[in-house]
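The following exercises are to be worked with the sequence and the structure in view. Each task is followed by a solution in steps.

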Amino acid sequence: MMALAIGIDIGGTKMSAGVIGSRGLVDGSVITEDTPAFTGPETIVALAVEMVNSLEGVGDASLAVGVGSAGVIGADGSILSATNSIRGWQGFELGPSMMKELGRPVRVINDVHAAALGEARLGIGKSLESFLMVTVGTGVGGAIYRNGQFLAGVSGTAGSLGHTAARNQLPRVCTCGQAGHIEAYASGPAIEQAYADATGRKFRLKEIAALAAGGEHLGGDVVACEVIHSAAAILGVGLADAMNLEDLDAVVIGGGVASIGELYLEAVRAAYAAAALPGPSRAAIHSATLGPLATVAGAGLYALQE
Ligand SMILES: [Zn+2]
């Protein structure tokens, strides 16, 4: 398979890069490093350049490079706004800085938009005309995919489902500073917090999911089931509102919280079907198929567009 582009996913904790060929990600090409999130953006660029060079090997032609990053991305590849999970990220000229170091064009795309593109071309979205992509992890991100492309929006924030209102919840402050947004109830950290509030025990999402999967009759944990169900239900209702507005073929859910699996997805589906209008209520809710590599794949595909 001919190498066409390199995709990079810069996350708050991990950075991954891989080679995109004509049929998708080249097997075994993906490399992952810890993100140096607190030593300044220049350190991240240096590591990204090192990863690109190691993927290309010596003497290869320069491949197109696409970068998926959290935050709102400007037309020149700068980070217009971002949370502080990476120090100094907001305002950083990521695209221009990478271009300078690599000496070739670098295209930057929001990580959730990249994941949607990856799923659309190489994952579950291949069979869908349109879909709402939502990634539920540290935050709740979204992207609208329609007519062969994702909708970035005028300012790059289209599809930000996490920052729309959760119905009928006591106001809780969101990471964006507003009260009552879906992300404040449905994200991984929100589930961990709900569990800690109810039990006084601080567990990671994976542990809570394992406790819930045990089931009550197996000596499993009722509270774990409840906090997962509650987060899933809030997301499901939010998806219903978004799909009432957009009326797309399907919803595709990715991210760390979605990887809890059927226990979570079934609760999302039930809440969704009950809350959506009759038409959109029939839309399928799928699990994303590319997993954590969707952003790497989508970023590489994005580099090949235009
Ligand atoms: Zn918010």
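**Exercise 1: Strand pairing**

E1 and E2 form a hairpin with 3 residues between them. The model is a predicted one: local features need pLDDT of at least 70, side-chain atom pairs count only at pLDDT 80 or more, and totals for chains, interfaces and linings use all residues. Residues are numbered from 1 along each chain as its sequence is written.

Task: State in which sense E1 pairs with E2 and how E1 runs relative to E5.

Solution: 
1. Strands (E) are DSSP runs of at least two residues, numbered from the N terminus; two of them pair if DSSP finds at least two bridges between them.
2. E1 (residues 3–10) and E2 (residues 14–21) are antiparallel, with 7 bridges. In this pairing, Ala3 lies opposite Gly21.
3. E5 (residues 64–69) runs parallel to E1, and 6 bridges join the two. Here Asp9 faces Gly68 across the pair.

**Exercise 2: Burial of E1**

Task: Explain why E1 is described as largely enclosed.

Solution: 
1. A residue is buried if 20 or more other C-beta atoms, placed from the backbone, lie within 10 Å of its own.
2. Because 6 of the 8 residues of E1 are buried, the rest of the structure largely encloses this strand.

**Exercise 3: The largest nonpolar core**

Solution: 
1. Such a core joins buried Ala, Val, Leu, Ile, Met, Phe, Trp, Tyr and Cys residues through C-beta atoms within 7 Å.
2. Among its 101 residues, Met133, Ile208, Ile228, Ala231 and Val251 touch the most other members.

How values were computed
Buried ≥ 20, exposed ≤ 12 C-beta atoms within 10 Å, placed from the backbone. Helix = DSSP H or I, 4+ residues; strand = E, 2+ residues; numbered from the N terminus.
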